[in-house]
Amino acid sequence: METLLALLVGVYFGVSVYLMMSRYIIRILIGVAVLGNGVNLLIFTSGRLTRETPPIIPEGSMVPEVVTANPLPQALILTAIVISFSFLAFLLVLAFRTYQELGTDDTVKMRVAEPENEAFPPVSY
Amino acid sequence: MAGSPSHSVDLSQAMIMAPSSPSDWLIISPIIITILAGAIMVMLRSKPNIHAYLATIAMAMVVTCELLLLQNVLEQGPQSMTMGRWMPPFGISFTVDAMGALLAAVSGIVALAVCIYSSLDINYTGRRLGFYPFLMLLMTGVSGSFLTGDIFNLYVWFEVMLISSFGLIILGGERAQIDGALKYAILNLMATTLFLVATGLLYGVTGTLNMADIALKTTLLPPGAPMGTIGALYFLAFAMKAAAFPVNFWLPASYHTPRIVVSAVFAGLLTKVGVYALIRTLVMILPESREQLSEIMAIVAALTMLVGTLGALAQNDVRRILGYLVIAGIGSMLAGVAIGTGTAIMGSILYAVHSILVMTALYLSLGVLIRMSGGKYSLAELGGGYKASSLLSILFLVLVFAVSGLPPFSGFWPKFVLVEAALSEGHHWLTFAILISGLLTSIAMGRVWAHAFWRGGPIGTEDGRDAAPLNNLVGTVRARAFIPISVLTVFVVIMGVMPTPFFGMAQAGSYSLLRPQAYTQAVFGEVIKQKQEQHKIMNKEAESKNEVDKKEEGSHQ
């Protein structure tokens, strides 16, 4: 099971890297979203997988009686999901605003902050 | 229910029973104060004019707390506090050693200076859009990163820092800003995601997230553990955050676009947090990976220094020149990490302190010059700064000397230590790179001073005779501009003239990084003490039981 998920994580990473190498913002953002999910899956897998035994202590007992699933990766993933979701929302708005302001989705053509034919510094003194 | 009185639960097995002492609260006070101040300002968003005062008061409190904390750490060694009474490594620990406390204190001082200066640069709209709450939350993220002792928590503080820096960089919403912000946002988000990947893998290998616990467990790992991969991922992630050479292009694309105070905070703090995290992970918790990566890091460091300084030489926009100098400074700090001896790490810490102070002061003083010249920032168009304000040009010249690494200012000592460490370890070409980057920096910055301050006017005027004079600042505006810059410059001079206390602090920092026993002791000391006391009680009970048994046996006989 772990091997299968590890391979799936690899596929996610491959897809996201491919998308992020694009020149177009929207593809990069889809790549970022896929990368976020790949990382969540990676944390989940590296916490080891135990099926069908939730980490709940039965009534009247002080410790779990059998080996249960690891609850910590789920807490980590929950944090990571919230963060990556909010960042993706911000980035989508920012990308849309960029498209409105600069009129392009192509990063190569976004040269407002770094103009193409910038003057050289003065050589006097 | 497990908590019902029918079960007599011995909580001391799992929880810290002693209440936290006031000095423990000092560890998280910078985070509490800044996050509360940010929340209060958001509630008072209809009165943005009082934000500046609130922010200044909050930062003054933070600086006081951080200085007290630094004093505590220097006197008693690393300090630790674990949240929610859970025992470490299960609870989230905040652990601070000399490096964290020193960098937190310096960044607090810089943020206070920026708070005082910012009322000049941030107009009503900027305040209305939330400059001060964002600044406070940025400082929450920065202080949290310096003070936390848990690697996942470090990731969370990175994200806090990142999201508030998005708010600051986009503030105002001009076209160039949006262009710069998009590149900044996407590349930094990728870097923090890589950091999370590395953390996930590290958790899979060691089964813990507490940095002290990881440092203990990495020494006991089986030989097949993929520590080299994890170390390389951390290196890539933090090099990207710190803007080291092959992954530095987001910095010169974005740092010149926001308001100048925002650039000043970013240049002073954000990249240094990346370097701090790199030192914390690679030097303290994964020392073997650092050794494996040492050669690559040395190459990256040398190239970063050269790219930074050559980039600075090729720019016409003064703000972009400073952006490239930030990158060059990162190269010097990485050189220390690449060498990795105690002296070298000490040099990196000293350089980080120097760089935080000098880069912020440089951006702020250029902000004054740009304001005086009516919003010009191309080197060809600037001029006449000395005629308008001799004080500003003197302060700027001090900072130019400091950033180039010339004595008797702050930049000299870190470079001196790094060169010495590099020579004693036989890294000759790295030494050469450090020295040549100092030379190129002094040329680039000397040219800025000569053009913007020393000559009479912009290109085309006959040494200032027909140049329109710059508008000098007057009254309170002048005070609010010059007090922060002067204070930061005084720190720069003090660090150059009396380096001994800074050497002591940096040395304590590098010592505790290379020998993390004191750090782990600070985290687990409380637990061990509590366990020992339990053992004592149990032993006593057992002894008294034995005695009773013996008596009973005696009575039977």
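Two residues are in contact if their C-beta atoms, placed from the backbone, lie within 7 Å. This briefing applies that term to a predicted model, in which local features need pLDDT of at least 70, side-chain atom pairs count only at pLDDT 80 or more, and totals for chains, interfaces and linings use all residues. Residues are numbered from 1 along each chain as its sequence is written, and chains are lettered from A in the order in which they are written. Helices are DSSP runs (H or I, at least four residues), numbered from the N terminus.

**Helix α3 of chain A**
- Helix α3(A), residues 72–102, has 31 residues and reaches 44 Å from its first C-alpha to its last; the expected span is 45 Å, taken as 1.5 Å times one less than the number of residues.
- Buried residues (20 or more other C-beta atoms within 10 Å of their own C-beta, placed from the backbone) of α3(A) include Leu76(A), Phe87(A) and Leu94(A).
- The cover over the buried residues of α3(A) includes α2 (25–46) of chain A, along with α6 and α7 of chain B.

**Where the chains meet**
- In chain B, 33 residues are in contact with 33 residues of chain A.
- On the side of chain B that touches chain A, α6 (151–170), α7 (175–206), α10 (250–254) and α18 (428–454) each supply at least two residues.
- The largest share of that side, 17 residues, belongs to α7(B).

**A helix pair in chain B**
- Ser332(B), Ala335(B), Gly336(B) and Ile339(B) of α13(B) meet Lys415(B), Leu418(B), Ala421(B) and Ala422(B) of α17(B).

Conventions
A residue is buried if 20 or more other C-beta atoms lie within 10 Å of its own, exposed if 12 or fewer, and partly exposed in between; C-beta atoms are placed from the backbone.
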